[in-house]
Amino acid sequence: MPPICNLRDYLHVLRREDELLEIRTPVDPHLEIAEIHRRVIASQGPALLFTNVRNSGFPVVTNLFGTPRRLELAFGRRPLDFVRHLVQLAEHLMPPSLDTLWQARPLLLQGLKIGLKQRRTGPVLQCRQQPARLHELPLLTSWHSDGGAFVTLPLVYTESPDGHGHNLGMYRIQRFDDTTTGIHWQIHKGGGFHYFSAEQKNQPLPMTLFIGGPPALMLAAIAPLPEDIPELMLASLLQGRKLDMVEDPLGGHRLVAEVEFAIKGVVPPHKRRPEGPFGDHYGYNSLAHDYPVFETSHLYHRRDAIYPATVVGRPRQEDFYIGDFLQDLLSPLFPLVMNGVHQLKTFGETGFHCLAAARVANRYPREAFAAGLRILGEGQLSLTKFLLLTDGSLDVADFPALWQHILERIRWDEDLYVFANVSQDTLDYTGPSVNRGSKAMMMGLGREPLRQLATEFTGSLPDGCTRPHAYLPGTLVVQGVSYEDDPELATRLAAWQGIEEWQVVVLVDATEAATCSLQEFLWTFFTRFEPAADIHGAGQTVRRFHVGLRPPVVFDCRMKPWYTEVLEVDPETKQLVDSKFNEMIPPRWRC
């Protein structure tokens, strides 16, 4: 497959493969495009090219990577095979021999194609705005509760003020006016580290916001790479050739030659402004908080620029498929960078950070625990809220099989660890305050099961609990009255003798909604509890400073008063899209 070097190359492939739908009906980037996108992605439909966008001269394309097939069209097997062969080489090259070097020659030749290539000029320099006119860009407003219009596929490029390399990350951008935006640098993110260093020196941080370009550039910005691995190199690897760069005639950062837009400016130190709210990928509304401000100086764009966007919200959205592809790409590296970790999976159904699972080594007592600590200390994985560990031979991506395997083996008095008073993902509001919360590690180790799991409910429930459903072996889902009406219900439920044969009880607001699919079960379960506050046992012991539990263990996954609201489409937008959806979308791509 020839390299796909820009957005046009990719759209050409999608047209050829019947994976692109062109919509000429007038559409509004305020709420309307996002709702059309959500309906099409729910039906596994095509990428969408909107050519008649209100109040903008630029077309909008969305859903570029919303199915596994489109990701395969964008990248093929080559980058996955390259990483796998690279790991095999690293494992067998020491000590090097003529034979191993000769066998590795195709890989080494491919490696010569990775890097940056300087060009005299490039398409991005065709048009310049000085100052920028950001109102001309068709930024999407995705939810009626959003605080404004956002760049939803931002490629934010910064360089370390200390000379420690660059970062290309995807940090959301809220447009404030024609020349200023917010920059949502969360904790544990590379661009935020660069800004922290610049602010310590009382210096503005130069920043370039790229929009569009090769698909490889977009995925490289999302990839959870270690801090010392440059994202532009990953983009080159994904692309299959060197990444073309050009000098900015006005100075500063070099530009990626084939992007659609490049917006230059600085982020001044010690300046903050409220950013948000924003409907985020957990499926809830993240609130407004103070964040740094990006002050633009000028903007470049291609003469025929196309504005790419995505829509985030309740899983599964486009980021689910991107995340799975990146995990497949990077998973062979995990055993190299985290000794003892054989397989690792983060679950997009929960927004990725809420749930991860790993198959690890356990050759000596508590080696699995050490592997879990490595995972919780590695880059963005350190934001993981709940980590499942096993030394079994099963595929940890198969949640029902993994969960049953762990419940059959867990020793509740020693295999559940809760770490209170630690950092938590900025977008997770289950903790006591922003960026603060707790984590848990739950292990099921050993070849032989310790118990048989219940599969049918024959017991009783206390007042306030109804609709028991044996969803998975050993796991009972129970509907409870609201948390506001009975905040202590989970504690009473855990001590209730009528459920004592169950290992885990998940307390929810609505059993039917939580168990209608595995997707909904995972989302309801893992996005609605905080380990230190919402796990309750029938009894507990403290030995050597470790808190052990006696089952059943109840997870209180009811909505709490301080949680933000679940994202829902507003009636006006729904009615607007209803009135024209059948006109725009062929029957095969309607839900």
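I count two strands as paired if DSSP finds at least two bridges between them. Strands (E, at least two residues) and helices (H or I, at least four) are DSSP runs, numbered from the N terminus.

Before starting, I noted that this is a predicted model, where local features need pLDDT of at least 70, side-chain atom pairs count only at pLDDT 80 or more, and totals for chains, interfaces and linings use all residues. Residues are numbered from 1 along each chain as its sequence is written, and side-chain values use heavy atoms, with hydrogens and water left out.

**Strand 7**

I looked up Tyr157 and found it opposite Leu168 in strand 8. Strand 7 (residues 154–159) runs antiparallel to strand 8 (residues 166–169), with 4 bridges joining them. The two form a hairpin with 6 residues between them, and Gly163 in the turn has a positive phi of about 80°.

I then checked strand 11 (residues 205–211), which is also antiparallel to strand 7 and joined to it by 4 bridges. Pro154 has Ile211 as its bridge partner there.

For cover, I took buried as under 20% relative accessible area, exposed as over 50% and partly exposed as in between (1.4 Å probe, protein chains only).

**Helix 16**

Next I went to helix 16 (residues 518–526), where 8 of the 9 residues are buried, so the rest of the structure largely encloses it. Among the buried ones I noted Trp523, Phe525 and Phe526.
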